[in-house]
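I opened this structure to look up how some of its parts pack together. My entries follow in the order I made them.

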Amino acid sequence: MSEVTQNTYWKSLNELAQNQEYQKFVEREFPENATELNDGVSRRGFLRVMGASIALAGLAACRRPVQKILPYSKQPEDVVPGIPLHYATAMPFLGNLTGLVIENHEGRPTKVEGNELHPASQGNTNVYQQATMLEMYDPDRSKYPLKNGKKVSSNDFVVFAQEFFADQNKKVAFISEANSSPTYTALKEGALRKFRNSSWVTYEPFGENNAIEGNLIAFGRRLRTHYNYSNADIVVSLDDDFLAATHPNNVEYAKQVTGRRKVTSTKDSMNRIYAVENGFTLTGSYADHRLRVKASEISAFANALAGALSSRINGLNAFSSVNNKFTGEKFLTVLADDLASNAGRSAVSIGLAHSAQAHAVVSAINYALKNVGSTVNYKEVPSFDNQDNNKAFADVVAGMKAGKYDAVVIVGANPSLTAPADLDFAGALKNTSQVIHLGTYVDETAKQASWHVSRSHFLEAWGDGFSFGGARSVIQPQILPLHDSLSEIELLNVITYGEKVSGYELVQNTFKGYYGGNFENRWKDVLHDGVDILDGYKTASVRLSSSLKPASTSSVDGIEVVIRPDASVYDGRFANLGWLQELPDPMTKITWDNVALMSPHTAEELGVESEDLISVTVNGTSVEIPAWVQPGHADGSVTLTVGYGRTGIGRVADVTVDSSELLGGSETQGGVNTYPLRKNSGLFSAGSISSTGGTLKIACVQDHHSLEGRDMYRQSSLAHYLENPDYASFLKQHTYEVPGLEEAKEKGEEKPITLFDPQLYPDSEPQWGMAIDLNSCFGCGVCIIACQSENNIPVIGKKEVSRGREMHWIRNDRYYVGDVDSPQSVHQPVPCMHCELAPCEQVCPVAATTHSEDGMNQMTYNRCIGTRYCANNCPFKVRRFNFFNYPKEYLTTGDDPDIIQMAMNPEVTVRFRGVMEKCTYCVQRVNRAKIDSKIKNGTPRPEDGAVVTACQQACPADAIYFGDLTDENSEVSKMKRNERNYLMLEELNVRPRTSYIAKLTNPNPALVEETNQELAH
Amino acid sequence: MSKYEYIPEPALVKGNHDFASLTKLVTDVNLRPTPKPWYAAMLLANAFLGVFLIAVGYLIWEGTGVWGLMNPVGWGWAIINFVWWVGIGHAGTLISAILFLFRQDWRTAINRFAEAMTIFAVICALMFPGIHVGRIWVIYWVFPIPNQMGMWPNFNSPLLWDVFAVSTYFTVSLLFWYVGLIPDLATLRDKATDKIRKFSYGLFALGWTGSNRAWWNYEKAYMILAGLATPLVLSVHTIVSFDFAVSMIPGWHTTIFPPYFVAGAIFSGFAMVLTLMIVARKIYGMEDIMTNDHMEKMNIIIMVTGSMVGFAYMMEFFIAWYSGVEYEKAIFILRATGPYAWAYWIMMTCNVLSPQFFWFKKLRTSVGFTFFISIVVNIGMWFERFVITVTSLANDYLPSSWDYYSPTIWDVLTYVGTFGIFFTLFLAFLRFLPMVAIAEIKAVLPQADPHNYDEETQEFHPHVVEVPQPKAETV
């Protein structure tokens, strides 16, 4: 055996010690230094830090958590090498936990899946949850604490904190991320008790503070609004993109909303969704009716809606005198009628960023519609602060500016970047001598801090908390911390009590309090299930305040500038994750950059086109950013997203001019920082736009947005479907039958005649097939990231994407239908169709792509010579070619090698340069299930549901069905028997195994003419 | 007097040449000291060859990604260049084999020259299938070589047919060319004065003695090879067209492709022969052999094949409409009006419009104009392959996949570099081998027909054939 092979798998520290790289590391006094890290982009720099990273990763790989954690559902007697274990945990986002199950290969977590028992996941995930695996293995993560920028150890910090925080009279400002953890909440209370002169602010740049304050106005208490869309026949979103991952509870909501649109026969009904918004969001594209209005007019719309309802239902008298531009408009009237006639079965929501008053109006509407208790619940959340955190944050910043504090402790947040520009947080921070920052990256705040402490990733630290709706979970680590880091509770414990106590102990103490005598058993259960109680938050019984008034409105006459979190990088926290950066934005299909979205009409008025650089000015501050024309965007409104334009964060996030010889030429990558335009006043501000004359190439993966009258996407209204159940058939779409079908029927065959001999499939084998329900898919793109994570798909960078070489095995096509100003937008996931008469197989000169006996179109990487003929001949264009040695760039020289390699799935080959690849129907999962079934039942046909592809597993809309077509009772067979089932490009007679279930819309008959029409201005 | 009158063809060789002067005219090029301008030209060609080697080296080092290929467009310049060079090769075989079988004596002036062009063009063409694959180091897997994996290539794949078609074509063309060269190599051996030349020409002349038996064998071999090469002229480009026609991409999946590709190949091949001939005959003073009559005949062929190609373009449109297949209709409309309309209209102008000028005798006998059109035709034929390859892939079934293909500098350099290969070989050919088939051209001189040639007056009086008046009752 060669040395190389021996070193590939480390099983023990001893074995690793033989690794030459490791020996070099041991010999070096300092494994790496900060300057090397910070000079991010040069490849020589990577090579220099490489040795150390191998050692670090190697050490980490051997670090199985020492505390007892229990496998989730499969409990082998011992760990069998090559058989992954699955453990439950939960991911915090904006303080809310989503239950996850982590696939763990010999102590190395590799894949995130949803936890079926957890209400906020129900087995599914969103893009951030899928990408978090990469975050843990991010080689650019903060690896050790820094004292004034110099490397120290976490013990140094503990020693410092014990001494510094011994004095209880220290004035400390705590600025914390939202965190629902009961352990953390207790520590927070402890800290506030100990440091009597301290302030505590929960700061989230795009948090739910306004929603909470809105409920304070409406009901007199700070409550969380938790919808139950399962009960809602009418869903109204006022600029609330609750289907997007940027919403703290999107998986549960997506599950509920799409669950009400599962139509398996003409007997089923559907909910109806109305969306009113300025930009084109996922929720808007999924809605049956969408009205585009400026963000600054949303509160006026809410007032007008309450006003219109006041004459139809009781309890909204305060709004009866509302009269604004929306009053009397048809859309509003019809909406009010629909709501009034569905009182108790409707749900109205408004975007988190809108004002507290507007939230109060929406709460009042839901209250008056008697939706409370049915579709809306108001929850008491113990971790909420008893203050308006927006105001409190401004006060703390003012205090910092005045030099009031002895220390500022920032837990998790990055306010130096994300705080409203008019508060000048970064400037205020300079007036505090001790700034302690806990963070995942050495980010903008960390660079200003006197002490930066590396934060343990949730996959490597113990924690606890509640889901958005109140389900309680324990966060169970999957691996010992890769770096010298502390978790939030460990840090806060050190500051408050001066002791370094392990997170395990802290969490156990909290749960001992819950469980009392039965601790051992219930602890095992919560680790196993990932969730213990579902109603951790009490549902409040609410009464509407009598002093409620219409929300004050401040519409912007000229151009409004709307700033939102980004679909990929959120507020910037995910900016260094290549998977998310390269994930096409669900609506624009842009990767790697942020842009200024505007309507075609506004763009025309401004005289700009997509990719033209424009200067966006708000209150004298300007930012230069490329424009992008977004059909369906409200006129007079420009939407910007944040989180880009960073420096010194990491190799992926940083603004770089890519001039590597490999790619040739140079290209700016990394986007534009739009935070300087963000004001404390809220979501939008008045601004001005001017063209600067330049352009910036944007890597957009879809250039053509029209269906061109073709039939690959089929849809109809529910009413039309009820009369024409087979509307999606080829015959109904074309008025003639599939060519060759009639001739075949004369011969007694079911499928159109073909020149080729259809492959014979043995009876013993299952026959795999997939069905994708277009009525469920809302286009979030989690299938893409799940597939990328499962199948080791490389990240290739902006330059390569802009050349059209994206590598994703499943893509999500987005088409616009209708007029350019206010179109409908539809989403269609496209993986490999696994054609039975696959055109790719016919043309490969070396037979590298062939058919398996279980009906899958297989790709033999070892045999492929890379003629690309198969990709040319694929009518669906799903094949992806390794034009360069992408994995090499991604996994070795281009990045800190072994850390990122740990994120790779050991069951899937990493592809070399010059070979073709494509969706395999997750053949590794299929074969695992077949082997298991063969051992257990003696047949290679697994039970239905035993094989779940990565895309199917992740999909919160359950849009993807996969299974054995020879099993008549399998879910996929049932879906394929649905009359809406159709084959894309059926007339080509390639006989795809992947089919689509045509979309349905449920428009209000009263609005049919008005669908997606803009109000006259 | 008969009502049928024999009208003698204009003399194929002008300028009162006799056998000796012809031999001297042709062999002098090979035997005299190398002229300086030849070195300059060779240096330039070598520079381009160097460009090719660098471009290919970089390609192999970095990967196919150095080219502009991307997701919908998996084939770009490499395949375009391959088809273009193969097409150019066709003229040589057509001239030497088909015109030989049809006893077109005028071919003897240009067949050697055109065949050499064929072989070098096919060499250039063969570079591309070799280098365009992702894993060049396993390209041999396309050959049916017995191996320990027990894997044969996929005989269904048109790319595999290509491998066989082009390699057969190359082999037969090379043999045909070589067999034709044997008597001339012997001539050179006999005229050469230095040892090296004597030895090397002698080696390849295979001991040619000029005996009756040698001539008899030679004529038979030549005839057989001409017979073998003739179907290859048609089959090679037919099979190259199958690369496209057998696939299912709109704009590729077309039954008209085989004849249309062959016509296009002859069209471009003749243009290339003209380009080279007009320059070479001027430089080497061969205007007596490669006359303006030759040029005119070839121009007529260009006009005919160009019109055939134009007809094919129109038929493609018609069939797209007549078939009623929406993807088929869309791609042809997109070709003419879509993002690549510029390429389409370059193609139409160069290939359909430009050869129509040759209806005018004045234009088709004008050397300068012919040279210009010959270049234009080859530009047009390159764009034809561009339009076929790229536009079909870039705008196929699903509009979401549509994208715009642009080449990189490495695409361009690789193409430009192939001219380095071509001219390096061609210049070596001009320098070391007789560019005109000496033995054959002598056979078309009047002197070769001693019964009707008056040595003294140097006049040719063909035998007048008396054709009896047909009798009315027998008609």
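**Helix packing in chain B**

I began with a pair of helices and found that helix 3 of chain B and helix 13 of chain B cross in a right-handed sense. I note that the model is a predicted one. Helix 3 covers residues 77-101 and helix 13 covers residues 367-394 of chain B; their axes come within 9 Å and cross at roughly 140°. I looked up how this angle is classed: over 145 degrees would count as roughly antiparallel, so helix 3 and helix 13 of chain B are oblique to each other.

Next I listed the residues of this contact. Helix 3 of chain B brings B:Ile79, B:Ile80, B:Val83, B:Trp84 and B:Gly87. Helix 13 of chain B brings B:Met381, B:Trp382, B:Arg385, B:Phe386 and B:Thr389. By class I have 7 nonpolar, 2 polar and 1 charged for the contact of helix 3 with helix 13 of chain B.

I then turned to helix 14 of chain B, residues 409-432, whose axis comes within 10 Å of that of helix 3 of chain B, at a crossing of roughly 20°. That angle makes helix 3 and helix 14 of chain B roughly parallel. The crossing of helix 3 and helix 14 of chain B is right-handed. I found B:Trp77, B:Asn81 and B:Trp85 on helix 3 of chain B in contact with B:Asp411, B:Tyr415 and B:Thr418 on helix 14 of chain B. The residues of this contact divide into 3 nonpolar, 2 polar and 1 charged.

**A sheet in chain A**

In chain A I looked up an open sheet of 7 strands with mixed pairing, in the order 5-4-16-15-14-6-7. Strand 5 (150-151) and strand 7 (199-202) of chain A are at the edges with a single partner strand each, so one side of each has no neighbour in the sheet.

I checked one pairing inside the sheet. Strand 14 (residues 407-411) and strand 15 (residues 434-439) of chain A run parallel and are joined by 5 bridges. Opposite A:Ile410 I found A:His437 of strand 15 of chain A.

Helix 15 of chain A, residues 389-401, lies across strands 6, 7 and 14 of chain A and runs at about 130° to strand 7 of chain A.

**Where the chains meet**

How many residues does each chain give to the contact? I have 45 from chain A and 41 from chain B. On the side of chain A, strand 32 (811-817), helix 29 (839-843) and helix 30 (869-873) are the elements that give two or more residues. Helix 30 of chain A gives the largest share, 4 residues. The chain A side has 21 nonpolar, 13 polar and 11 charged residues.

Terms used:
Residues numbered from 1 in each chain as written. Chains lettered and ligands numbered in written order. Predicted model: local features only at pLDDT ≥ 70, side-chain atom pairs only at ≥ 80, totals over all residues. Axes fitted to C-alpha atoms, helices over the stretch in contact; angles between N-to-C directions. Parallel < 35°, antiparallel > 145°, perpendicular 65-115°, else oblique. Left-handed = near helix turned anticlockwise from the far one by under 90°. Contact = placed C-beta atoms within 7 Å. Nonpolar A, V, L, I, M, F, W, Y, C, P; charged D, E, K, R; others polar. Pairing = 2+ DSSP bridges.
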